[in-house]
There are 2 protein chains.
Amino acid sequence: MRTGCVAAVLALFPALCLAGELKAVALPAPETDGGKPLMQVLKERKSAREFEAGTLPMQVLSNLLWAATGVNRADGRRTAPTASNRQEMDVYVATAAGLYLYEVKGHRLEPVLAEDIRAATGTQAYVRDAAVNLVYVADFARMGQSSPENKVLYSAADTGFISQNVYLYCASQGLATVVRASVDREALAKKMKLRPDQRITLAQSVGYATK
Amino acid sequence: MRTGCVAAVLALFPALCLAGELKAVALPAPETDGGKPLMQVLKERKSAREFEAGTLPMQVLSNLLWAATGVNRADGRRTAPTASNRQEMDVYVATAAGLYLYEVKGHRLEPVLAEDIRAATGTQAYVRDAAVNLVYVADFARMGQSSPENKVLYSAADTGFISQNVYLYCASQGLATVVRASVDREALAKKMKLRPDQRITLAQSVGYATK
């Protein structure tokens, strides 16, 4: 009975048993005003594939994640839509310190893995240099009775909404970013200890542009 | 020989033989400065499903389409990325006047169909009231040798990038918008006379919010 209970807790909060000494991070409140004017941001939107070493200040990481898919209304709705408001997308955050899950409602980072797995988030050499690699993961278990093809379609579109927010935040903030499809999804999912229902859609590197 | 040539031209420019009296529209140059600050725009990003009648001023339509996926660099790259820069997404624009294709490089509307097909772009009653319904169409023929599932995934993500730009432009401009998956794709594709390789991913209504 107790074992079943522990198993249920671990199924709900897999981070509990994986994170080792990695601690949760309470992000500072996001700065939800300011930034460059939208049209200028759109003019500067681009992909960059060269990154300088360095970590993002906590306030920048907070703003980045809120821009990506943070709560922007009292009813818990977000900066990016999801099909039928299923909110099936999770954003994992791979940094030098380890792998975290962005817990949207609490605006915090939940520890997942005390290991720098940035290099495993993409096949390109530059991904290990980016301060942060976001890994977009769809939880098909939250997507109801849609067909398998529709789950792929909806979760990919929902990834696009989030990823474009990241692009625009980076353009506004002068950060380099690129979204990437070239990911060894099987190896990465194993490393992240994802359930079979959790599907990696895309990944996105964010960091400092080379001078 | 001449017939073959005409057929080839029609394959490249299907609009030529479908548009009847609908004329091409040279959009005014987009206003690529201004708009609200990005973080405020993200704070105001939402879906709205009630629209007042009315047409968009040509400058607003120009800005909207440029924001969506316009050219923002000298090399022809755009405000939204596409997988491997395939630029496989087309944005069709359904208005009261008829159906157009947004021709990105020339920043113009090419006539496709002299008919108001707004009501056919979604299953919801409100779609007929929106000033504009955008229909996102992936041309799988431009996507190389990707697997069918990857073509769905990439084109859906590429739709999401564009659609989020539309959301943010609408938030900045005080317009109502909602992206929609509930589309009778078979019926709409037939009406739009799409090739089998052209796949409707999503549609998006844009217009005036009800007071």
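## Start where the helices cross

H4(A) passes H4(B) in a right-handed crossing. Bear in mind as you look around that this is a predicted model. To set up the view, select residues 148–173 in chain A and again in chain B: each selection is a helix H4, and the pair packs at an angle of about 45° with axes 6 Å apart. That angle makes H4(A) oblique to H4(B), since it falls in neither the roughly parallel range (under 35 degrees) nor the roughly perpendicular one (65 to 115).

Now turn on side chains along the crossing. On the chain A side, the residues of H4(A) that meet H4(B) include A:Glu149, A:Val152, A:Leu153, A:Ala156, A:Ala157 and A:Gly160.

## Zoom out to both chains

Next, superpose the copies. Chain A goes onto chain B with a turn of 180° and a shift of 0.0 Å along the axis, giving an RMSD of 0.0 Å. The two copies are thus related as by a two-fold rotation axis. Colour the interface too: 100% of the interface residues of chain A are also interface residues in chain B, so the copies meet through the same surface.

## The end of H4 in chain B

Select B:Gln173, which lies in helix H4 of chain B. Buried or partly exposed? B:Gln173 is partly exposed, because its relative accessible area is 41%, between the 20% and 50% cut-offs. Then pick B:Gly35: 138 residues separate it from B:Gln173 along the chain, yet the two C-alpha atoms are 7.3 Å apart.

## Over to H3 in chain B

Select residues 58–69 of chain B to get helix H3, 12 residues reaching 17 Å from first C-alpha to last, close to the 16 Å expected.

## Last stop: a loop in chain A

Finally, go to A:Asp197, in the loop between helix H5 (185–192) and strand E8 (198–209) of chain A. A:Asp197 is partly exposed, at a relative accessible area of 34%. Show its contacts: beyond its sequence neighbours, A:Asp197 touches A:Ala138, A:Asp139, A:Phe140 and A:Ala141. A:Ala138 is 59 residues away in sequence and 8.1 Å away in space, C-alpha to C-alpha.

Notes. Residues are numbered from 1 along each chain as its sequence is written. Chains are lettered from A and ligands numbered from 1 in the order in which they are written. This is a predicted model: local features need pLDDT of at least 70, side-chain atom pairs count only at pLDDT 80 or more; totals for chains, interfaces and linings use all residues. Side-chain values use heavy atoms; hydrogens and water are left out. Helices (H or I, at least four residues) and strands (E, at least two) are DSSP runs, numbered from the N terminus. The expected span of a helix is 1.5 Å times one less than its number of residues. Copies are superposed by least squares on the C-alpha atoms of residues with pLDDT of at least 70 in both. Contact means heavy atoms within 4.5 Å. Axes are lines fitted to C-alpha atoms, for helices over the stretch in contact, and angles run from 0 to 180 degrees between N-to-C directions. Angles under 35 degrees count as roughly parallel, over 145 as roughly antiparallel, 65 to 115 as roughly perpendicular and the rest as oblique. A crossing is left-handed if the near helix is turned anticlockwise from the far one by less than a right angle, and right-handed if clockwise. Buried means under 20% relative accessible area, exposed over 50%, partly exposed in between (1.4 Å probe, protein chains only). Lists of a residue's contacts leave out its neighbours within four places in sequence.
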